[in-house]
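Work through the exercises below with the structure open beside you. Try each task before you read its solution.

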Amino acid sequence: MKTIFSDKHALQTVEREFYRGGWVEAFEIPRRAELVLAAVTRAGLGPVTAPQPFDLGPVLAVHDAAFVRFLEGAWESWVAEMGPVPAYPNLWPPRRSRTIPTVRPGAELGRYVVDMSSPILAGTWEAARAGVDCALTGVALIESGEPAAFALSRPPGHHAGRDYFGGYCFLNNAAIAAQQFRSLGAERVAVLDIDYHHGNGTQDIFYDRGDVLTVSVHADPVQDYPYYIGFADETGEGEGAGANLNLPLPWGADFAAYRSALAEGLARIRAFAPDRLVVSLGVDTFMDDPISQFRLESGDYPRIGAMIAALGLPTLFVMEGGYAIEAIGENVVQLLKGYEAERG
């Protein structure tokens with residue numbers, strides 16, 4: 001399995017983040033990707049390649065154009081007013097407020113960002129674009145005949161919606177890849193999100209579409225981020241009715257509970273009969289993850305990989321979360337090795 005990796009990911013380097021009432025050392029740091037890359041190389045999983053460059057067309061196929069323009073120019077606007085310090089919103093629009101654009105970058109940040117985890121920095125746009133290129137290069141590899149590929153994208157993407165960002169995510173790498181498969185001729189695509197946190201951005205992007213099935217196994221939003229979205233009764237609307245499946249689990253869920261939910265999600269994917277599968281690969285389901293509450297062990301990840309491989313679909317894995325960084329590389333590689341062993 002080929003891995004696509006760009007060292008531009010390190011342009012998004014946050015030292016501290018606001019977490020549960022105080023500033024703490026950041027969880028989403030460049031070392032995450034570096035440790036995964038080292039584990040991939042050490043395990044001999046396959047060649048590591050740099051991404052091809054792509055234009056903005058695939059990004060604009062899933063994200064709102066005004067939102068994309070904002071992200072592209074946000075740092076320059078912020079620096080012009082505030083100087084070269086991390087860009088955070090001044091406020092969030094209250095309910096029933098008007099949406100007339102302002103001339104203040106801090107206020108515009110509040111229009112597009114949903115939390116305090118994702119400041120805009122000098123290299124944010126370039127890092128996010130490189131992550132997209134990794135995912136799109138993975139699509140190209142699969143379309144050229146590779147049975148599977150791993151886009152080691154960073155920053156992650158599944159919390160970025162049509163016109164908002166947050167949760168460490170700026171552009172939705174997995175959703176962009178899924179749409180690219182559709183644009184290249186796949187009639188149906190499935191996105192399976194196995195990150196601990198619900199893929200709210202991916203759901204948002206495809207919620208009214210029937211050609212892309214979205215399935216997410218995640219922490220119950222009554223207990224955990226992103227809250228407010230990811231409930232089991234959210235099944236899609238309009239043409240997308242029935243094309244969204246949320247499988248929330250409570251804090252403390254072990255592999256037995258997780259495996260049961262995943263099996264249900266995989267059965268839905270099998271019934272949907274997609275031409276391509278995109279997996280939002282998060283390993284923050286691990287028992288030692290500092291911001292998550294599931295109880296999966298390292299030995300569980302090969303079994304997850306094998307379950308996904310049993311679908312027999314051309315599969316693109318796209319990196320999402322995982323913050324127990326001393327174990328992140330091993331857990332990712334074990335899942336991918338489990339996938340390859342089952343696929344044969």
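**Exercise 1. Find how strand S5 is joined to strand S10, and name the partner of Phe150.**

Solution. Note that this model is predicted. Start with S5, residues 148-151, and S10, residues 315-319. The two strands run parallel, and 4 bridges join them. Now go to Phe150. Its bridge partner in S10 is Phe317.

**Exercise 2. Place the strands in their open sheet, and work out which strands stand at the edges.**

Solution. Read across the sheet. The order is S4-S1-S5-S10-S9-S6-S7-S8. That makes 8 strands, and the pairing is parallel. Next, look at the ends of the order. Strand S4 (48-49) and strand S8 (244-249) each have a single partner strand, so one side of each lacks a neighbour in the sheet. H10 lies across S5, S9 (276-281) and S10. Its direction is at about 175 degrees to S10.

**Exercise 3. Describe how helix H5 meets helix H6.**

Solution. Locate H5 at residues 124-143 and H6 at residues 173-183. Their axes come within 9 Å and cross at roughly 35 degrees. The crossing is right-handed. Now list the residues. H5 brings Ala128, Gly131, Val132, Ala135, Leu136, Val139, Ile142 and Glu143. From H6 come Asn173, Ile176, Ala177, Gln180 and Phe181. Sort the residues of this contact: 9 are nonpolar, 3 polar and 1 charged.

**Exercise 4. Examine the hairpin of S2 and S3, and find the residue opposite Phe18.**

Solution. Strand S2 covers residues 16-19, and strand S3 covers residues 22-25. They pair in the antiparallel sense over 4 bridges. Phe18 stands opposite Trp23 in S3. Finish at the turn. The hairpin has 2 residues between its strands. Arg20 in the turn has a positive phi of about 50 degrees.

Terms used
Residues are numbered from 1 along each chain as its sequence is written. This is a predicted model: local features need pLDDT of at least 70, side-chain atom pairs count only at pLDDT 80 or more; totals for chains, interfaces and linings use all residues. Side-chain values use heavy atoms; hydrogens and water are left out. Two strands pair if DSSP finds at least two bridges between them. Contact means heavy atoms within 4.5 Å. Axes are lines fitted to C-alpha atoms, for helices over the stretch in contact, and angles run from 0 to 180 degrees between N-to-C directions. A crossing is left-handed if the near helix is turned anticlockwise from the far one by less than a right angle, and right-handed if clockwise. Ala, Val, Leu, Ile, Met, Phe, Trp, Tyr, Cys and Pro count as nonpolar, Asp, Glu, Lys and Arg as charged, and the others, Gly among them, as polar.
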